[in-house]
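Welcome, and please open the model in your viewer.

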Amino acid sequence: MHHNLAERLDRVRWNRFHSTVTIALGIGWLLDAFEVTIVNNVIGVFKDLWHLSNAQASWILSIWFVGLMIGAYGFGFLADRFGRRRLFLLTLLIYGVFTLLTAFAWNFESLLILRLLTAIGVGAEYSAINAAISEFIPARNRGKANATVMNFWPLGAILAALVSLYVVNLLPPDIGWRVAFGFGALVAASTAFMRKSIPESPRWLISQGDLAGAEHVVSGIEHGRGDWDVHRRPTAGKRRAPTGVWEQTRTLVTRYPGRVALGCLLDFSEAAGYYGLFAFLALFILPAVHVSSQFAPFFYLIGNIGALIGGLIVALVLDRAGRKLTVPVFYTFAAMGALLLAASIQTHSWVWVLAAFTLANLFATGGWISAYPTFSELFPTHLRSTGIGISVAVGRIGAFAAPLVLTAVADAYGMVAALVLLASFWLIGAVAMVPWAIYGVEGKGRSLEGMVAGELA
């Protein structure tokens with residue numbers, strides 16, 4: 001019966017339910033981008049307000065990645081244990097509460113603790129959202145829908161740039177950043193109402209032996225239901241025996257080593273490449289071409305329009321060209337984008353730097369947006385969220401380390417050498433896709449069940 005339910009999910013024509021779930025889950029990515037971009041824009045305010053050194057200021061950025069690692073891995077396991085729905089309501093609550101409290105931070109130490117706790121909520125979103133969107137969407141639309149969810153990232157960055165320009169910059173320094181964090185909490189609260197109407201993943205229910213519950217959800221999706229009897233307690237069949245986080249991890253690493261390795265390498269590559277690009281731009285490139293802090297938000301605004309274009313291209317081609325072609329092509333172009341940025345610096349013109357950055361951001365965003373659907377669909381349902389969590393946690397090591405390594409290289413050998421290193425970060429992912437393209441399974445148009453049938457790689 002469970003194979004029949006999964007096949008019915010893949011046969012459903014796109015309807016109101018799929019649109020609702022895509023928007024409601026996409027706002028999680030918008031919030032993450034909003035947080036990261038806002039902090040980049042107000043880091044100077046914190047330095048002046050609390051007389052911080054450069055090292056202290058960098059910890060405000062770095063602590064975010066520590067929280068993302070904890071949230072992605074820890075809550076990834078919890079989403080496999082307790083279900084997707086509970087988790088993507090809980091993660092939004094954690095994010096909303098702690099970003100609101102961040103607006104009332106009274107010193108450097110309180111800001112760090114609250115940023116860490118906010119990041120745990122956002123990291124948890126990565127695992128629960130990517131698992132859920134893969135499991136709800138018909139196979140023929142899965143890549144497009146997953147990429148559309150992640151296209152909310154550049155929208156969040158654009159929103160943060162606008163808030164920085166027209167709220168933070170116009171209010172007194174000690175008030176503007178607090179209003180910005182409060183705005184993030186307001187978006188989270190409004191999103192919670194949308195998410196309440198999303199049911200549990202039917203594939204997760206099947207993995208738990210709850211076939212009656214899965215039938216109820218699949219039937220609702222087939223009818224495009226927008227409102228759910230969320231208090232319904234369907235009768236459960238034989239449930240999977242619960243396992244601990246280490247057991248889940250050991251099972252993934254021993255039974256699916258190739259898939260775990262691909263997920264970790266793709267995420268490490270894109271996180272080092274993407275966050276390295278933005279950190280290096282702010283620390284070295286903008287000062288070198290004399291871009292003021294007041295003009296910087298315009299720079300990010302235009303650059304993220306490029307990012308949105310890159311993400312939309314991926315949404316259009318991922319289910320047509322397939323993962324095996326799209327991912328390595330975008331990662332390779334992202335590496336070329338870093339080299340293009342190195343060439344633009346030689347002109348000493350902010351106009352050429354802006355053009356190169358916009359193009360580099362287009363390819364970089366296209367790269368990571370193509371990667372997430374690719375490794376999210378590789379794991380079996382009862383391990384999917386944990387597998388995504390491991391991949392994201394390893395990736396955040398790249399996000400944490402890349403700015404530090406690039407800074408050291410730029411100080412010792414110059415900006416061009418650092419940007420060549422940045423390009424090499426992207427090539428890790430491109431190279432990692434080569435054996436998968438030869439021996440792995442292509443996700444284009446294939447059911448999630450078909451992705452793991454008889455496969456141990």
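In which loop is H348 found? Select H348 and you will land in the loop between helix 14 (323-345) and helix 15 (350-376). Helices here are DSSP runs of H or I with at least four residues, numbered from the N terminus, and strands are runs of E with at least two.

Before going further, a word on the model. It is a predicted one, in which local features need pLDDT of at least 70 and side-chain atom pairs count only at pLDDT 80 or more, while totals for chains, interfaces and linings use all residues. Residues are numbered from 1 along each chain as its sequence is written, and side-chain values use heavy atoms, with hydrogens and water left out.

Most residues other than glycine have a negative phi. H348 counts as exposed because its relative accessible area is 64%; the classes are buried for under 20%, exposed for over 50% and partly exposed in between, with a 1.4 Å probe and protein chains only.

Next, select H290, in the loop between helix 12 and helix 13. Phi of H290 is also positive, near 60 degrees, in a residue other than glycine. Is H290 buried or exposed? With a relative accessible area of 72%, H290 is exposed.

Now show helix 12 (residues 257-288) together with helix 13 (residues 296-321). Two packed helices are described by the angle between their axes and the distance between the axes. Here the angle is about 145 degrees and the axes are 12 Å apart. The axes are lines fitted to C-alpha atoms over the stretch in contact, and angles run from 0 to 180 degrees between N-to-C directions.

To see where the two meet, select Y274, F278, L281, A282 and L286 in helix 12, then A296, F299, Y300 and N304 in helix 13. Contact means heavy atoms within 4.5 Å. Colour this set by residue type and you will find eight nonpolar residues, one polar and no charged. In this scheme Ala, Val, Leu, Ile, Met, Phe, Trp, Tyr, Cys and Pro are nonpolar, Asp, Glu, Lys and Arg are charged, and the others, Gly among them, are polar.

While helix 13 is displayed, pick I309, which has its place there. I309 is partly exposed, at a relative accessible area of 41%. Draw a C-alpha to C-alpha distance from I309 to T365: it is 8.9 Å, for two residues 56 apart in sequence.

**Along helix 5**

Move to helix 5 (residues 108-136). How many of its 29 residues are buried? The count is 25, and the helix is mostly covered. Try its length too: at 1.5 Å a residue the helix should span 42 Å, and its end C-alpha atoms are 42 Å apart, which agrees. The expected span is 1.5 Å times one less than the number of residues.

At the start of helix 5, a side-chain oxygen of N107 reaches to within 3.4 Å of the backbone nitrogen of E109. Then select L111, also in helix 5, which counts as buried at 0% relative accessibility. Leaving out residues up to four places away in sequence, L111 touches F46, W50, I60, T102, A105 and W177. F46 is 65 residues from L111 along the chain, with 9.7 Å between their C-alpha atoms.

Next, go to V149 in helix 6 (residues 142-150). V149 is buried, with a relative accessible area of 0%. Beyond residues up to four places away in sequence, V149 touches T22, L25, G26, W29, I129 and I133.

Follow that list to T22 in helix 2 (residues 16-50). T22 is buried as well, at a relative accessible area of 5%. A polar atom of the T22 side chain lies 2.7 Å from the backbone oxygen of H18.

**Last stop: I397**

Finish in helix 16 (residues 381-413), where I397 is found. I397 is partly exposed, with a relative accessible area of 42%. Setting aside neighbours within four places in sequence, I397 is in contact with M69 and F268.

Terms used:
A polar contact is a pair of N or O atoms within 3.5 Å; within protein, one must be able to donate a hydrogen and the other to accept it, and residues adjacent in sequence count only if both atoms are side-chain atoms.
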